[in-house]
Amino acid sequence: MNIVVCVKYVPDATADRRFESDNTVDRVGVDGLLSELDEYAVEQALQLKEKAEDPSSVTVTALCVGPEKALDAVRKALQMGADEGVHVSDEAIAGSDYVATSLVLAKAVEKVGAEKGQIDLVMCGMASTDASGSVVPAMLAERLGLPQVTFASVVESQGDQVRIKRDGDTATEVVGGTMPLVMSVTDQTGEARYPSFKGIMAAKKKPLETYALSDIGVDAGDVGLSVAWSEVSETNERPPRTAGEIVKDEDGSGAEALTGFLASKKFI
Ligand SMILES: Cc1cc2nc3c(=O)[nH]c(=O)nc-3n(C[C@H](O)[C@H](O)[C@H](O)COP(=O)(O)OP(=O)(O)OC[C@H]3O[C@@H](n4cnc5c(N)ncnc54)[C@H](O)[C@@H]3O)c2cc1C
């Protein structure tokens, strides 16, 4: 069985995140990491491998589309236990929207599939932790012509059959599908493992390929900001946090001051 896990490199939420002058996210000058929500997808892929009758027959390939630094996301997935890595990097991709991102991912999955014979499962996170679109898995399924089972909180597989639990606001659905298919998993699937020291050392020797757009048959004119279907027209920095107000109750007027404050903010 061949599994591709899509892992996105995102700006570290604890870092000083910025936009570029063209309103795209600065992904080069800011520290980044493997999107935490994609760690769950890597974990589930590794568990499917470990539970397989013959784990050595299952290959987990981590796939990332992003700038040079995004290789860190693939490395982290390899350290967690993925077998191989693919990084698609090309200057023309900068500023790509969901439509272009899903095109590049789909073409890269097809190339990996052509090399391996077939891809049985494409796994994604439920959303990225930066743009949070939650749309890429569905777009990827459409482009690959595969069924999709999304937002899985529980993943089970037997042979080529997959069953997931999908938790909604009012009901939990059990959805089944036959591989090959695209799946996205939520943060309810269980803790993702930390890379062990052995895993970190082993990752250095694992196969890692870098594709340019020309390697996957994507025209540079079909990706990038200039062909994005929507435009981020304005971005503003969040105003700095103001100091809080301490209400003292030295003369018994605390309650009045407190209700006055809440009323001024329209909380009461
Ligand atoms: C006009 C416009 C301009 C934009 N400019 C930029 C820009 O300059 N730079 C930029 O990075 N983004 C840019 N974006 C956002 C970009 O389109 C999205 O980040 C990207 O398409 C993925 O969407 P998402 O992060 O919401 O993914 P979601 O749909 O939330 O992702 C779900 C899952 O898909 C997979 N996935 C998504 N993206 C990738 C990836 N790159 N590699 C591997 N797996 C992935 C992951 O498994 C992820 O958990 C722009 C968007 C618009 C509309």
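This is a predicted model: local features need pLDDT of at least 70, side-chain atom pairs count only at pLDDT 80 or more; totals for chains, interfaces and linings use all residues.
## Starting with burial

A residue is called buried here if 20 or more other C-beta atoms lie within 10 Å of its own, with C-beta atoms placed from the backbone.

## The chain as a whole

The chain has six helices and eleven strands. Its C-alpha trace spans about 80 × 40 × 40 Å along the principal axes. Of the 268 residues, 37% are buried. Among contacts with a separation of 6 or more, 69% come from residues 24 or more positions apart.

## Strand E6, enclosed on both faces

In a regular strand the side chains alternate between the two faces of the sheet. What covers the faces of E6, buried or exposed residues? Leu121, Met123 and Gly125 on one side are buried, and so are Val122 and Cys124 on the other. With five of its five residues buried, E6 is largely enclosed by the rest of the structure.

E6 also has strand partners. Strand E1 (residues 2-6) pairs with E6 in the parallel sense over three bridges, and Ile3 has Leu121 as its bridge partner in E6. Strand E10 (residues 181-185) runs parallel to E6 too, joined to it by five bridges; here Gly125 stands opposite Val185.

In soluble globular proteins, nonpolar side chains tend to be buried together. The largest nonpolar core of this model holds 68 residues, and Val5, Val7, Leu63 and Ala77 touch the most other members. Helix H3 gives the most to this core, with eight residues.

## Around the ligand

Which residues are closest to the ligand? They are Thr24, Gly125, Ser128, Ala131 and Gly133, out of 38 that surround it. The elements that give two or more residues to this shell are helix H1 (36-51), strand E4 (59-65), helix H3 (98-116), strand E6 (121-125) and helix H4 (136-144). By class, the shell has 20 nonpolar, twelve polar and six charged residues.

## A helix in the open

Of its eleven residues, the number buried is zero, so H6 lies largely in the open. After H6 comes Lys266, whose phi is positive, near 65°.

Notes: Residues are numbered from 1 along each chain as its sequence is written. A residue is near a molecule or strand if its C-beta atom, placed from the backbone, lies within 6 Å of it. Helices (H or I, at least four residues) and strands (E, at least two) are DSSP runs, numbered from the N terminus. Ala, Val, Leu, Ile, Met, Phe, Trp, Tyr, Cys and Pro count as nonpolar, Asp, Glu, Lys and Arg as charged, and the others, Gly among them, as polar. A nonpolar core is a set of buried Ala, Val, Leu, Ile, Met, Phe, Trp, Tyr and Cys residues joined through C-beta atoms within 7 Å. A residue is buried if 20 or more other C-beta atoms lie within 10 Å of its own, exposed if 12 or fewer, and partly exposed in between; C-beta atoms are placed from the backbone. Two strands pair if DSSP finds at least two bridges between them. Two residues are in contact if their C-beta atoms, placed from the backbone, lie within 7 Å.
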